Amino acid sequence: MSQSAADGYKNNRVGPVLRASDMTEAIVDAAREDNPGKQIRVDDKGAYVRVDTEGELIIRRATLESNLGRPYTMSEFEITLGSFAGRIETTNEFIRFYFNKSI
Amino acid sequence: MTVMDRSEWYDIARDTNWSPSFVREQEMFPPQMTGGFGLAREKWVGYDEPYKTSYPEYVRIQREKDAAAYSVKAALERNKLFETADAGWLSILKQHYGAIALGEYAAMSAEARMARFGLASGMRNMATFGMMDENRHTQLQLYFPHEHCNKDRQFDWAHKAYHTNEWAAIAARHTFDDLFLSRDATSIAVMLTFAFETGFTNMQFLGLAADAAEVGDYTFSSLISSIQTDESRHAQIGGPALQILVESGKKEEAEKLVYIGIARAWRLFSVLTGPAMDYYTPLSHRKQSFKEFMLEWIVGQFERSLIELGLDLPWYWEKMIAEFEYQHHAYHLGVWFWRPTVWWNPAAGMSPDDRDWLEEKYPGWNDTFGKCWDVIIDNVLAGRHEKTLPETLPIVCNMSQLPICAIPGNGWNVKDYPKEFEGRTYHFNSEIDRWIFETDPARYRGHMTIVDRLLAGHIQPPDLSGALKYMNLSPGECGDDAHKFAWAEAYRANPYAKKAA
């Protein structure tokens, strides 16, 4: 095992891992709009899509509603959220992934 | 009607702490059931579950999840997956359902223990949902394979496996009994929800979902990734518990539980998910290697979360990462060789192209595991099938209940890690397995591996036929090579030559 592989934990990437669904595009777009200036990485594995960025990633209900063109409640996010990197904060208005410690 | 924002009522609605007057506190929350290393209950008041939901939200969202999973199944039922899928893929389904479905039922019981005996209101609340989640997983994973039972009785093992003394079922039960069925509520939060669910379940339920989608089994892909959305929520029960333990000076005790949890999960997933990803899934549909999935989910994501919670990496972390290179190859070789003793048909995964892929993903594979397969191939081609089958049982680890094995070939390094305790010699696969035993020998001492049972005369006659009977494996259920050795024909005219680098 190369050292770089074993050192893979030395990262600060946070964000949702989405199950394949018709929500992916709207969520990725919202991640870009709601986190201005941040590079959003999208890694499509087919059955799941890893969306992440450095340190903190927020996705807002209002942005999703506007992207989807329909009402959206934040608890619906759970249907798509297969896993996530980082800590999570869940509210009625947004979902946030973050680390308290940076390494 | 205006609905109040959840945050405005959530804390008060889920606060079910009160001071008992009819019974003593200790009777309501007996330490044997609650755990918590003797911390006063006040310490748990600050427990704040990060992934929140409420009952109305839970019901609405779960209904939607179920509707989606069942409608994908209904829509694809005419797809004739059973008739058209590769035999290796069907083996993955049989192996998965048998090893997982009733394990979920055990997890439901563990969640129920947290729901009743958790020391924090938030833990009890989230575990109530977790308990219903695990019930859902059991029901789904018994129902989905059931349609195949009338075509192939190995699918009946989705329900049957845990009720038998089949060796893999013993290994799964031993692990789950240890991690959550026989633990207190606090330890369950740490070992089941944190160590097992935020880490390893992603491998089987999202990693394997990626392979399933590649194979075209959208029913399975949708089912298991749907299950993982529940896990993703209730797995968050453990994080805040760990935080309280660490802040209250119980870091070392908490870490020990986490380390046992990770070590035991790793063994189980390396025998379950490892062969499925690197051998049973047809080559053209493999999304990544098992090692690559481990690096993504366990190193990149889970290991990082240990650091975030203020935990140190386990003392054995580097040893475990080194095992990513070989442990599951050894288990695969063993499962294939002892194939009559499992309820699925192991796919050898051994075409020349498969071997090129294995060499690419695991440099050196041909000089180690490949040499064992060379002998098997020679025997298959010469019609000496009996030489590809076992006459005895392997030496089994007293912790993992899996064969003691390592790297074959010129550098053959298999080694027993024995331990004497109260006049009995226990055998372990590695320092890690032995360390788990040493953390609490009295807990583990009484268990007998399948080999211990053979030596004690529980298995009669003491040969393969007696072992199969003991494991409740009947003809038609015993495993055989998934492709009936068709893969070996590629070597008849052309012995395998390693692809030039």
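Let me start with B:Gln401, which sits in the loop between H18 and E1 of chain B, where helices (H or I, at least four residues) and strands (E, at least two) are DSSP runs, numbered from the N terminus. What we have here is a predicted model, in which local features need pLDDT of at least 70 and side-chain atom pairs count only at pLDDT 80 or more, while totals for chains, interfaces and linings use all residues. Residues are numbered from 1 along each chain as its sequence is written, and chains are lettered from A and ligands numbered from 1 in the order in which they are written.

The phi of B:Gln401 is near 65°, a positive value in a residue other than glycine. As background, most residues other than glycine have a negative phi, and most peptide bonds are trans. Is B:Gln401 buried or exposed? B:Gln401 is buried, because 26 other C-beta atoms lie within 10 Å; the cut-offs are 20 or more such atoms within 10 Å for buried, 12 or fewer for exposed, and partly exposed in between, with C-beta atoms placed from the backbone. B:Met399, in the loop between helix H18 (369-381) and strand E1 (419-421) of chain B, counts as buried with 30 C-beta neighbours inside 10 Å. Leaving aside residues up to four places away in sequence, B:Met399 touches B:Phe428, B:Asp433, B:Ile436 and B:Phe437, contact being defined by C-beta atoms, placed from the backbone, that lie within 7 Å.

Two further backbone details deserve a mention. B:Lys80, in the loop between helix H4 (55-76) and helix H5 (81-84) of chain B, has a positive phi near 55°, and B:Lys80 is exposed, with 9 other C-beta atoms within 10 Å. B:Gln460 and B:Pro461 are joined by a cis peptide bond with omega about -15°, and B:Pro461 lies in the loop between helix H21 (450-455) and helix H22 (464-470) of chain B.

Now to the core. Which residues have the most contacts inside the largest nonpolar core? They are B:Met123, B:Val190, B:Met191 and B:Ala209, in a core of 167 residues, where a nonpolar core is a set of buried Ala, Val, Leu, Ile, Met, Phe, Trp, Tyr and Cys residues joined through C-beta atoms within 7 Å. The largest share of this core, 19 residues, comes from H10(B). B:Val190 touches, among others, B:Gly238, B:Leu242, B:Leu257 and B:Gly261, not counting residues up to four places away in sequence.

H10(B) packs against helix H13 (residues 251-280) of chain B at an angle of about 20°, with the axes 8 Å apart; axes are lines fitted to C-alpha atoms, for helices over the stretch in contact, and angles run from 0 to 180 degrees between N-to-C directions. The pair is therefore roughly parallel, given that angles under 35 degrees count as roughly parallel, over 145 as roughly antiparallel, 65 to 115 as roughly perpendicular and the rest as oblique. Their contact divides into 18 nonpolar, six polar and one charged residue, where Ala, Val, Leu, Ile, Met, Phe, Trp, Tyr, Cys and Pro count as nonpolar, Asp, Glu, Lys and Arg as charged, and the others, Gly among them, as polar.

With helix H14 (residues 290-308) of chain B, the axis of H10(B) comes within 9 Å and crosses at roughly 150°, so H10(B) and H14(B) are roughly antiparallel. The contact includes B:Gly199 and B:Met203 of H10(B) and B:Trp297 and B:Phe302 of H14(B), and its classes are five nonpolar, five polar and no charged residues. H13(B), in turn, meets helix H6 (residues 87-117) of chain B, the axes coming within 10 Å and crossing at roughly 170°, and these two helices are therefore roughly antiparallel.

Helix H16 (residues 327-337) of chain B is mostly covered, with ten of its eleven residues buried, and the covering elements include H13, H14, helix H15 (317-323) and H18 of chain B.

Finally, the two chains. B:Glu214, in helix H10 (residues 185-215) of chain B, is partly exposed, with 18 other C-beta atoms within 10 Å, and touches A:Gly46, B:His285 and B:Lys287, again not counting residues up to four places away in sequence. The contact between the chains takes 32 residues from chain A and 39 residues from chain B. On the side of chain A that touches chain B, E5(A) gives the most, with five residues, and the classes there are 15 nonpolar, ten polar and seven charged.

Methods:
Two residues are in contact if their C-beta atoms, placed from the backbone, lie within 7 Å.
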